[in-house]
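Open the model in your viewer and keep the sequence panel beside it.

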Amino acid sequence: MSIKGISLLLLLVSLLTFPFKKQEREITEEGVFPPFVLIQLFTSQGCSSCPPADSLLSEVAEQYESDKVFVLSYHVDYWDRLCWKDPFSQKAFTEKQQDYAGYFHSRNIYTPQVVVNGQDEFVGSNRSEMRAQINKYKSVKAPASLSIESKSRDHNQWMVEYELDGMSEKELFVKMAVVANERTTQVKRGENSNRTLTNTHVVLQEIRQKISDSKGSITIGLIDGLLNHKNLKVIAYVQGESGPILAADQITWTE
C-alpha cells in the first residue's frame, strides 16, 4: 500500500474508532403543540456495522407508522473510498453530519449514528436507546407546528406548500427531504461484499428555504434518480443551521 493509501486508511480508522461522546441533554425547546419525533440516521452501504441500524430504523418506522414519528436515512460519502461506492451517498449528507458534530462539540463523525430531534445522538443500532429517545420526545409538547401539502407534481418537479405556527425567529429554515420508502442493492465489494442490502426511508434529495413568513412553498426539482417516483414521500422539518428541530410533517406521493 502506498503512503497516501496508508494515510487515508489511518484517517478513516480514526473517524470510526473514536465516535461521538454521547450527549445527555435536556430538551431545549418546549411548547404547546402535539409532540413529534424526527430520527435521522447517518449510514453507509460500505459499513459492516450499519445494516443492524438500517433494520432498526425500518422497525421503528413500521411500529410508529400511525404516530408522529418520522425517520430519515442519510447515506454519507466517506466510506465510498473503501472499495464500494454507495449509490445513495452524498457529500452534502456528510457535511450535514459534520454540522451536528459542531453542535455536539465533537471532533469526529461515525456510522451508524442517530440524531433525534436534532438534540440527542447515539449509535444507530442501540435498540434500548432508540426506544428511550422516542419515549422521551413523544412525551414533550413541541414548540411549533408544521403542516405541508402537495400542490402540484409531475415527473420534473414537486411543489409543496407549508404553514408554520408557533415560531417567530428569523434564522430558521424549512428543510424538505425527498425520501424513497425502500431500495434494494446488491453490494459487490467492500465490508458488505456479496450481501443484498435493503435500505428504507432513504433521503435522495434535501433542500431548504429560509423562513420569511408563516406560509410559503418550495418547488423541488426532481433529479434524474427521482424520475421513478413511486413510493416517495416528502418529510419536512423546521431547524436552524443545525441543532434542535422544532416541528415536522410529511406527505406521500400518490398517483
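Predicted model: local features only at pLDDT ≥ 70, side-chain atom pairs only at ≥ 80, totals over all residues.

Is E171 buried or exposed? With 53% relative accessibility, E171 counts as exposed.

Next, select K136 and D120. Their side chains form a salt bridge too, at 3.0 Å from N to O. This pair also links distant parts of the chain, with K136 in helix α4 (residues 127-138) and D120 in strand β4 (residues 120-123), 16 residues apart. D120 has a relative accessibility of 1%, so it counts as buried. K136, at 23%, counts as partly exposed.

For another pair, select K151 and E149. The salt bridge between these side chains spans 3.9 Å, N to O. K151 is partly exposed at 41% relative accessibility, and E149 is partly exposed at 44%.

Now turn to the empty space. Rolling a probe the size of a water molecule over the atoms shows where such space is left.

Select A61, E62, E65, H201 and K233. Of the 17 residues that line the largest pocket, these lie nearest its centre. The pocket holds about 330 Å³ of space. To see what surrounds it, colour α2 (50-63), β2 (69-75), β7, β8, β10 (232-239) and β11, the elements that each give two or more residues to the lining. By class, the lining of the largest pocket has six nonpolar, six polar and five charged residues.

Move on to α3 (91-103). This helix gives five residues to the lining of the second largest pocket, the largest share. Along with α3, strand β8 gives two or more residues to this lining. Select the lining itself: A92, F93, E95, K96, D99, K175, E206, I207, R208, Q239, E241 and S242. How many of these residues are charged? Seven are charged, with three nonpolar and two polar. The volume of the second largest pocket is about 240 Å³.

The structure has two of 30 Å³ or more. For the second largest cavity, select F33, P34, F36, K68, A142, A144, S145, L146, A247 and A248, which line it. The elements giving two or more residues to this lining are β5 (145-153) and β11 (245-252). About 50 Å³ of space lies inside the second largest cavity. Its lining has eight nonpolar residues, one polar and one charged.

Finish by colouring the chain by pLDDT. The mean over the chain is 87, and 83% of the residues reach 70 or more. Then select residues 1-24, where the pLDDT is below 50. In the model this stretch has 31 contacts beyond near neighbours in sequence.

Note on methods
Residues numbered from 1 in each chain as written. Heavy atoms only, no water. Salt bridge = Lys/Arg side-chain N within 4 Å of Asp/Glu carboxyl O. Helix = DSSP H or I, 4+ residues; strand = E, 2+ residues; numbered from the N terminus. Buried < 20%, exposed > 50% of the residue type's maximum accessible area, 1.4 Å probe, protein only. pLDDT = per-residue confidence, 0-100. Contact = heavy atoms within 4.5 Å. 1 Å grid on protein atoms, 1.4 Å probe; cavity = no way out; pocket = protein on both sides within 12 Å on 5 of 7 lines; lining within 4 Å. Points joined across faces, edges and corners; volume = space filled by probe spheres on them. Nonpolar A, V, L, I, M, F, W, Y, C, P; charged D, E, K, R; others polar.
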